Amino acid sequence: MSTHFDYLDHLEAQAIHILREVAGQFERPALLFSGGKDSITLVHLALKAFRPGKLPFPLVHIDTGHNFPEVIQFRDELAARFGEQLIVRKVEDTIRRQGLKDGFGKYPSRNALQTYTLLEVIEEFEFDACIGGARRDEEKARAKERIFSLRDEFGQWDPKRQRPELWDIYNGSIRKGENVRVFPISNWTELDVWSYIQQENIALPEIYFSHRRNCVVTPAGQLLAITEHIRLDPEDEIAVRDVRFRTVGDATCTAAVESPATTVEDIIQEILIAKISERGATRLDDRLSEAAMEDRKKNGYF
Amino acid sequence: MNILKFITAGSVDDGKSTLIGRLLFDSNAVSHDVLETLERQSRNKADGELDLSLLTDGLRAEREQGITIDVAYKYFTTARRKFIIADAPGHVQYTRNMVTGASNADLAIILVDARQGVVEQTHRHSLVASLMGIPRIVLAVNKLDLVEYSEERFYKIAAAYKELAEKLNLRNITFIPISALAGDNVVQPSAHMPWYLGPTLLEHLETVEIEPDAEHDAPRFQVQYVIRPKSNEWHDYRGYAGSLRSGVFRRGDRVVVLPAGIETEIVAIEVNQVQVEEAFAPQPLVLHLAHDIDVSRGDTIARADAQPAVAQDLEAMLCWMSERPLRPGDRLLLRQNSATVKAIVKSIEYRVDVHSFDQLADDKLQLNDIGLVRLRTAQPLVFDAYRQNRHSGGFILVHENTYDTVAAGMLETARTAELQFG
């Protein structure tokens, strides 16, 4: 009986338990949906937790305006297919409203600007809990963050003021103005997510699978999709490659990897032999400094 | 493949982070780009050696002070098993973090420095391991390379630890001599200790039997959320969503809804929207009951012939985690999984001396203190003694105003409290 309860079943059970705690403890929760595999997995888990009822929270997408069109289309289809509420708020509108300086330069990133839009949408809907797909294996600062992560009214995370998290008791009590970020798949690794996607046959946007694409080869050797959002210079090395994306963030700072993998099975095989961790291979922004993620989290980032 | 969750505990400079770094490094869980960063960071250090502890010391304050200040979770997989490590800090004021990591652990690795042997922190960590009911212990005697791989030194420390463990009723202890820095007996067998014939640390972690899940205990289920779609298609649907915390439920079981005490029957069990004949811990499920009764979040559903305790006067071991001491008369919120009740501290029976394990009279519990308290709750609590069921006997105390988590509690029955430290 329980001998058939595999580690993926354990991870799933924990995630569903956490999602139900969110529904039980909070007045106005939301699920932050990026269109990436982690948040698609979260939606799948949420359906398991609450069907045949409706999800007790809307899906919220912070649209940087730099997304891949395939991801936006997938997002809209997913919300329609499950009949769930989708709220989209655009970084562009925040920039205009708050007079912010847009990303600039060759690869203008709006990654940091997302935080402003996120805080706006939390205020607009008075969300008290935001469910996100972050995993502890992604990065060292995340490895220390709780599953229920308390944020003050500025969205700030204080690593020294974290609440101890015991057994599977989650303390989501907050004062007015504070909110909680909840990470139900904290204990999953990248490989676990892919194995689960395979087991559950979860549909993903096409850009996760190998396709031919025009790319810029950066001086560090990373491949960046050519989109309207980046500036091309005459000296740029342009290449046509068979690539897939391992994460689907902002198109200006999410690099592609060369890969012939066209199925989830192929991808799992690649990960098993891959020796470059996910964020390192594809995120330009984390290279900036050793404490980059810690700093962004303290400022209200996911 | 199953999962082993373990915690590492030791004093400052016992080499915990190095040990974890070594496990990750030697089992090829460290990727090239992380290794590159590591090499770059290690170059900034005085001796320029590859510093494996940097793999876990993630936060800036830790790098500056050279200590680990919070629980870090790390993951690795071998052909045999998947591992989740909670790296608990050794620094004395952060003991609460060890309690946090210990609450979900199947096994604890307690590190001692071969030069120092059993020290005060070892007592504290072992006390926590005992209180939190961690089923298995590894005493890893580290830095054997600094005592010329002395067999005599290792056995002397092992003997001293056995004496300590006896006082705490700790069982299932495995002793392993290692050098995390040099790699002896962590992943690779040591060439320097021909006298040691046991497994390496990793071999032990891969093969040690994990305590069977709470499946054999009496079934306990707590309602987290009531699913009521109220749609045309599901007009009369009313399902109680929650996780089976221990034991097995079968369709047709006579059950009781607590604390109200109403008896009814399970007419359907759903797992992932499929009706099943039986479900087992820790599965998330949806229960349907025969009678239309008032059941809400936090209520416990148990089999009528195997009921938990229901009481308002409680006795519990507490680990106090707040800067502000706990005193009799303090009012707090008690959160036991999905149930929350108000509680008042009636008395502090004793505080445990973490070195001698003596019971000392005291009128307060301070940060990191452990002691037995009596509580009175506003509504009855449904529970088992923690020693009997880790899943229904643990709770946290929450400050009424800041909502900070200020204590971990392990419920006792009057009888187990007396037996505890002999």
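**Close-up views of chain B**

**View 1. Strand 16 and its neighbours in chain B.** Strand 7 (residues 220-222) of chain B runs antiparallel to strand 16 (residues 300-303) of chain B, and three bridges join them. The model is predicted: local features need pLDDT of at least 70 and side-chain atom pairs count only at pLDDT 80 or more, while totals for chains, interfaces and linings use all residues. Residues are numbered from 1 along each chain as its sequence is written, and chains are lettered from A and ligands numbered from 1 in the order in which they are written. B:Arg220 has B:Ala302 of strand 16 as its bridge partner. Strand 16 of chain B also pairs with strand 11 (residues 254-258) of chain B, in the antiparallel sense over four bridges; here B:Val255 stands opposite B:Arg303. Strands pair if DSSP finds at least two bridges between them. Strands (E, at least two residues) and helices (H or I, at least four) are DSSP runs, numbered from the N terminus.

**View 2. The buried face of helix 6 of chain B.** B:Phe154, B:Ile157 and B:Tyr161 of helix 6 are buried (20 or more other C-beta atoms within 10 Å of the residue's own, with C-beta atoms placed from the backbone; exposed means 12 or fewer, and partly exposed lies in between). Seen down the helix axis, the buried residues fall within an arc of 70 degrees, so they line one face of helix 6; the arc is that of the directions from the axis to the C-beta atoms.

**View 3. The other side of helix 6 of chain B.** Exposed on this side are B:Glu152, B:Ala159, B:Glu163 and B:Glu166. After helix 6 comes B:Asn169, whose phi is positive, near 60 degrees.
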